[in-house]
Amino acid sequence: MAAGLDSPQGLNGRGRGARRRIGGALYRRPWLRGLSLLAPPVAAFTAVYVAALAVLFVSAFWGVDPFAGTLIRHFSFDNFRTLWDASVYHTIALRTIGIAAAVTLTDALVAFPIAYFMARVAKPRSRSILFVMVLLPLWSSYLVRVYAWRLILNKEGVLNWVLHGFGLPAANIAYSNTAVWIVFSYVWLPFMIVPIYAALERIPHSYLEASRDLGARGSRTFRSIVLPLALPGVVAGSIFTFSLTLGDYITPKLVGGSSSDFIGNVVFDSVGVSNNVPFAAAYATVPLLVMGVYLVLAKRSGAFEAL
Amino acid sequence: METRTTRVTLGIFTGLVIAFLWIPILLIVLYAFNSSNVQSWPIAGLTTKWFSPAIHDPAFQDAMVLSLKAGALATGIALVLGSMAAFGVHRFRFFGRESVSFLFVLPIALPGIITGMALNSVFVFWHVNFGLWTVVVGHATFCVVTVYNNVLARLRRTPTSLVEASMDLGADGFQTFRYVTFPAISTALISGALLAFALSFDEVIVTTFTAGAQNTLPLWIFGNIRLGQTLPEVNAVVVLVLAVTIIPVVLAQRLTRESGLLRTE
Amino acid sequence: MSKRSWAVLAAVAAGLMLPAAGVSKNTGGTLNMIAWEGYTQPQWVTPFQKQSGCTVHAKYAGSSDEMVTLMRSGGGGQYDLVSASGDASLRLIYGGDVQAIDPTKIPDYKNFLKTFQSPPNNTVGGKHYGVSLQWGPNTLLYNTKKVSPAPTSWGALYDSKYKGEVTVPDNPIQIADAALYLMKTKPSLGIKDPYELNQTQFDAAISLLRGQKSLIKKYWALASDEIDLFKNGDAVIGASWPYQTNTLIAAGAPVKDVVPSEGATGWLDTWMVSKKTKNLACAYKWLSWISTPKVQAEQAIYFGETPVNKYACAEMDKLELGSCAKYHADAAESYFKNIYFWKTPIADCGNGKKDCLDYTKWQQAWTALKG
């Protein structure tokens with residue numbers, strides 16, 4: 001890491017002098033230093049990633065020759081017209097956005113108390129253990145964790161076994177949108193816990209003391225101090241849960257039912273199945289626009305600082 | 001400010017959430033010892049027969065090697081580009097500074113399928129052969145932000161007076177970096193790198209679009225799940241990976257006090 | 001950062017790099033293949049690599065459609081070989097993605113059952129685009145405890161008796177299964193071939209499938225989906241491959257499969273060679289190797305399908321007694337009259353009118369159906 005900057009020890013005097021001069025020049029001209037540091041990463045990003053995105057969305061206006069599968073670089077709104085006209089694409093888009101919103105809400109509600117406990121109640125030692133417990137699941141394959149949920153939700157699975165043990169009626173939620181919602185909430189939960197934790201942990205203790213000294217009770221302090229200051233963390237976490245759900249196609253495929261296709265499934269099939277990248281790109285503008293709006297709103301709430 | 005009841009309730013809730021997070025993982029561990037290759041509850045029988053063939057499967061070994069290489073390279077790129085950008089943004093105020101943050105957040109905030117498709121089209125357009133390096137580029141795009149955010153946050157907490165003191169005492173810029181700045185950000189680099197590696201190691205969607213004929217570990221896993229012929233082998237591999245990663249995760253946790261998912265302070 | 005942390009970091013880094021050592025490299029060339037999972041098992045790939053000196057890299061595809069796209073990615077040339085099913089092979093041939101091969105260079109070619117030497121899904125205009133590999137019927141699978149009397153017709157999949165407990169493949173080619181059922185039960189539609197449907201016939205098939213949708217628990221995408229569905233009681237009847245049946249029986253599930261009275265659709269896979277391969281010599285070595293009776297038998301038993309080489313039958317029985325008969329590897333030519341092998345639907349269905357619906361239409365209809 002940064003090996004190029006860490007020059008070898010014992011340079012001769014002249015080398016040191018040159019180094020000092022360059023260092024001094026850079027220190028006195030922060031814009032020069034900033035530029036030389038920023039230019040390579042920004043240029044690399046723009047050349048590879050932003051350019052790729054731009055080309056992709058230009059191609060949304062192109063078409064594909066159905067027989068040979070080659071691109072027709074001719075500007076048209078045909079792909080968007082198809083998306084607008086066929087109601088199936090509306091249904092799928094609404095299902096995707098709806099479940100992504102439900103997952104985000106669920107994760108925020110579940111993550112907040114645990115993040116609060118970790119940041120403000122737990123002792124340092126148990127806090128470390130909790131942190132490892134929250135982060136370690138991320139190291140066991142996402143695919144296998146999703147797959148494990150089938151064993152839980154199956155008709156003769158763990159959940160119904162437990163329910164039966166308590167004499168409760170069986171839940172029939174395997175292979176349904178409910179299952180998709182539960183599993184998404186599960187896999188993205190750590191991505192919500194950590195930013196909320198970070199935001200809560202940053203709240204200076206003096207604020208809470210001041211609030212108490214001014215006569216506020218616990219609930220009032222929570223509403224007026226903790227919640228507003230934790231909000232950027234919640235928004236930051238929601239960017240992950242929302243976007244990760246929006247762009248996924250594997251979980252709906254593994255645990256979904258007979259009508260569980262997501263935007264991602266249609267996009268993936270358009271690329272993988274019909275080799276119709278333009279159509280896929282056109283449909284992918286839906287999550288792109290949704291995320292664009294979301295990011296602008298998030299930026300206003302100061303969540304970028306908390307990412 | 002919390003009452004005792006609040007604390008206890010929060011503690012119980014935390015316990016339940018941790019259980020929720022870990023029950024599927026305990027099932028994965030249990031079913032690595034399943035004697036049947038079909039998963040059903042309760043377990044058909046216990047055996048350790050899946051571990052040895054899993055480790056000796058050349059397809060698994062190749063996938064593991066590719067995943068480790070791709071993860072290490074993507075993390076390396078992320079460390080270089082991410083810390084450069086963080087330093088640049090930190091001390092240098094300019095119009096559009098916010099846009100730089102926005103730019104690096106984009107690959108992680110936009111759905112993976114968009115990143116994957118976009119990169120795929122570019123590679124196809126330039127006739128790049130799909131392989132290790134296309135995977136690395138794909139992963140590096142969303143890894144940079146983890147290092148960038150961690151380092152930037154740490155720099156903001158490190159007082160500039162330290163740097164000035166170092167300069168006043170006669171150290172040149174590089175010495176200041178070596179003895180003052182770098183030690184201050186080193187733990188941020190570790191947690192950023194660890195997260196970058198974790199993200200890369202488990203990534204499926206972008207990889208699907210950027211991998212060639214060689215499989216990364218998640219792609220190997222997906223292939224095995226598809227047919228389910230040797231499903232417990234997949235679980236065995238996951239258990240082994242988990243067992244191996246406990247050590248670095250715990251160590252990093254100790255090292256950095258609170259290991260950040262995205263940003264630690 | 002303290003000395004100790006450096007040591008830890010170095011140890012972690014070293015641990016990461018360690019497995020990179022000791023990867024074997026062959027010198028004879030590399031074959032990049034697109035294959036179905038289970039088609040490039042070490043059992044027969046490792047001896048091939050040793051014997052030929054060619055290294056095999058396999059990319060697993062989830063569907064025939066994915067295979068076509070992968071073959072075309074990067075303008076073709078990324079992959080040397082593909083194990084294409086019948087619903088993909090014609091697209092690859094007409095798309096100019098694969099090259100004609102010379103079957104006389106494959107020693108075992110002459111031992112293939114007649115049906116598979118020049119089947120219409122890989123032989124066009126007398127030219128052979130690859131060698132047939134294995135085949136299998138799409139069977140009707142049911143839970144013997146929950147479904148009685150035992151079904152004998154595909155009609156069981158459209159019967160509301162099993163509402164919420166039916167599963168069929170998530171694949172546009174499934175429309176042909178509906179068409180096959182209509183072909184036998186509604187002669188007035190005049191369906192001659194379930195893969196050659198005009199608009200009226202196609203609409204009839206789609207409306208049959210739309211009615212079926214409310215009965216479906218899940219459209220299975222992976223073979224393991226269907227295995228889980230049956231093993232854990234979520235589905236009791238469905239369209240299947242012999243592979244699922246055998247896996248479920250081995251796991252003690254009460255299931256049975258049958259080729260119903262209407263006959264069945266089936267798949268026939270072909271190893272095809274990319275037009276842009278840089279390693280034709282290795283590709284021919286692979287085609288020859290994969291056609292030998294022993295490898296054919298190994299793959300048949302691993303995947304649960306039927307070899308095309310007639311001498312594979314004896315090898316199968318050597319590996320697992322009775323497996324030859326179980327998979328119909330000893331079937332007479334007449335058996336195949338009942339099996340309608342997958343082929344890519346194209347607009348031109350031989351009546352000179354080009355009024356059939358091509359595969360793009362099938363795909364769109366399938367997406368809309370699932371919605």
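These are my notebook entries on a predicted model of a complex.

**Conventions.** I number residues from 1 along each chain as its sequence is written, and I letter chains from A and number ligands from 1 in the order in which they are written. As the model is predicted, local features need pLDDT of at least 70 and side-chain atom pairs count only at pLDDT 80 or more, whereas totals for chains, interfaces and linings use all residues.

**Confidence.** I noted that the predictor gives the complex an ipTM of 0.86 and a pTM of 0.86. I then looked up pLDDT, the predictor's confidence in each residue from 0 to 100. Chain C averages 86, and 92% of its residues score at least 70. Where in chain C is confidence lowest? I found it lowest in helix H1 (residues 3-17), at a mean of 48, and highest in strand E7 (residues 139-143), at 95. Helices (H or I, at least four residues) and strands (E, at least two) are DSSP runs, numbered from the N terminus. Over residues 11-26 of chain C, pLDDT stays under 50. Where pLDDT is low, the predicted coordinates should not be read in detail.

**Build of chain C.** I recorded 13 helices and 14 strands in chain C. The C-alpha atoms of chain C fill a box of roughly 75 × 55 × 45 Å, taken along the principal axes.

Residues 179-200 of chain A are 100% helix, with end C-alpha atoms 31 Å apart. Residues 277-297 of chain A are also 100% helix, with end C-alpha atoms 30 Å apart.

Key
Two residues are in contact if their C-beta atoms, placed from the backbone, lie within 7 Å.
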